[in-house]
Amino acid sequence: MAEQEFDYDLFVIGAGSGGVRASRIAASHGARVAVAEEYRIGGTCVIRGCVPKKLLVYGSHFAEELQDAANYGWTVEKMTFDWPTLRDAVLKDVDRLNSAYTTTLENNKVERFLERAAITGPNTVKLADSGREISARYILIATGAWPVMPEFEGSEHCITSNEVFHLDSLPKRVVISGAGYIAMEFAGIFNALGSHVTVVNRSETLLRGYDESLRDRLLQITMARGIQYRFNCPFERVEKQEDGTFHVFLGGQPDPIIADVVLVATGRRPKTDGLGLENAGIALGTRNEIPVDDTGKTACDSIYAVGDVTDRVQLTPIAIREGQAFADRMFGGKDTKISYDCIPSAVFSQPPLAGVGLTEAQARQAFGNEIKVYSSDFRPMKNIFGHRPERGLYKMIVDATTEKVLGIHMIGPDSPEILQAAAIAVKAGLTKADFDDTVALHPSMAEELVLMR
């Protein structure tokens with residue numbers, strides 16, 4: 001097929017963070033671009049993920065802030081909470097963002113198809129609703145990931161993070177399956193809003209991949225806040241009762257847990273079902289992901305993939321960078337590559353934790369005993385009037401030979417906000433001496449970064 005015969009220079013499947021960025025940048029370089037999205041423009045992060053989740057976190061923080069207000073001299077009468085008000089405000093902002101993302105595509109003259117698209121060949125896709133077949137010089141897959149629902153009896157009674165934003169009312173009792181970042185974030189939200197929360201996990205580890213000291217501290221604090229844990233307990237079945245509640249039966253436990261909502265948050269899988277990849281000779285990887293090279297190219301020379309569907313790093317900023325790099329490289333003449341080292345990440349638990357670089361365990365595995373670990377274990381000032389004994393913990397992992405900072409990890413109020421700046425220092429390869437030479441900003445929690453011994 002000659003180049004001029006293609007309907008578009010680029011056809012993008014999926015209008016999430018990566019797909020929208022790639023579409024916009026490619027169009028700005030003069031490419032003829034179209035994008036297909038089966039649900040809503042904006043993708044997981046904007047529509048049913050990071051953004052609405054963070055708004056719920058903000059909303060839940062008021063429970064603690066209002067309780068502390070009296071200690072600062074404020075009188076707050078008739079303190080009540082209305083879930084529908086918060087829920088609807090969050091969903092209204094999702095509508096705003098959906099509109100904003102749509103406008104961005106419109107302003108860049110990217111054609112939009114609000115229906116599912118599947119690949120029918122190396123340069124062709126077919127739209128599910130209209131049945132229209134479209135040709136493109138390049139196809140970019142940016143369909144993201146989808147919550148995993150394990151197979152067990154009664155799983156149809158459970159919800160995932162997709163549905164949790166639409167609950168009719170605030171549940172009195174919530175059982176959460178899983179102990180990853182989604183599970184711990186919603187455990188914190190519901191706990192703060194007054195729900196009784198039980199976290200159930202197949203293993204005894206929460207937040208695998210984060211520094212062990214931070215994980216232990218979060219477990220201690222959340223247990224003190226009333227969250228209950230059942231470790232090494234797989235789900236056996238969930239039974240719906242006549243009164244609308246659920247009985248959750250766990251392996252090795254004689255009595256069920258009674259719940260009003262059962263949230264399954266046991267991970268996310270690349271959303272590759274029904275994409276027609278076999279029609280272009282593309283085989284999936286072992287985790288249902290689309291294998292790609294360092295430019296995002298699949299086994300088919302005309303088809304690329306970015307973001308969570310590749311299962312390299314499931315983070316929105318990475319999808320955005322990959323989408324931009326793809327568009328710049330293919331249509332802007334820029335040989336852009338993505339660096340995947342020193343990626344900061346955060347868990348918006350309560351309190352939140354954040355980290356960048358190597359954890360202590362990872363550093364010891366890589367450097368043996370040739371590392372130094374500095375820490376600061378302190379009580380945040382805001383907790384003093386709140387009469388909470390909760391303590392923050394900051395850790396710095398350093399190469400003992402070069403004094404280069406290998407990683408920074410922290411738990412405590414505003415940790416993600418503080419870590420973003422600290423991540424620049426780690427990415428730049430600064431040393432412990434560089435931190436020590438920086439004057440502390442007092443009084444702040446962030447000053448602990450330059451005071452660690």
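A residue is called buried under 20% relative accessible area, exposed over 50% and partly exposed in between, with a 1.4 Å probe and protein chains only as cover. Trp-74 reaches 61% relative accessibility and therefore counts as exposed. This residue sits in the loop between α3 and α4 (83-107), where helices (H or I, at least four residues) and strands (E, at least two) are DSSP runs numbered from the N terminus. The structure is a predicted model, in which local features need pLDDT of at least 70 and side-chain atom pairs count only at pLDDT 80 or more, while totals for chains, interfaces and linings use all residues. Residues are numbered from 1 along each chain as its sequence is written, and side-chain values use heavy atoms, with hydrogens and water left out.

Turning to the sheet, five strands form an open arrangement in the order β17-β18-β21-β20-β19, with antiparallel pairing (two strands pair if DSSP finds at least two bridges between them). At the edges stand β17 (345-347) and β19 (371-378), each with a single partner strand, so one side of each has no neighbour in the sheet. From one strand to the next, the twist averages 10°; angles run from 0 to 180 degrees between N-to-C directions, and axes are lines fitted to C-alpha atoms, for helices over the stretch in contact.

Within this sheet, β20 (residues 392-399) and β21 (residues 405-411) run antiparallel and are joined by six bridges. Here Lys-395 stands opposite His-409 in β21. Helix α6 (residues 212-224) packs on the sheet and touches β18 (353-357), β19, β20 and β21, contact being heavy atoms within 4.5 Å. The direction of α6 makes about 175° with that of β20.
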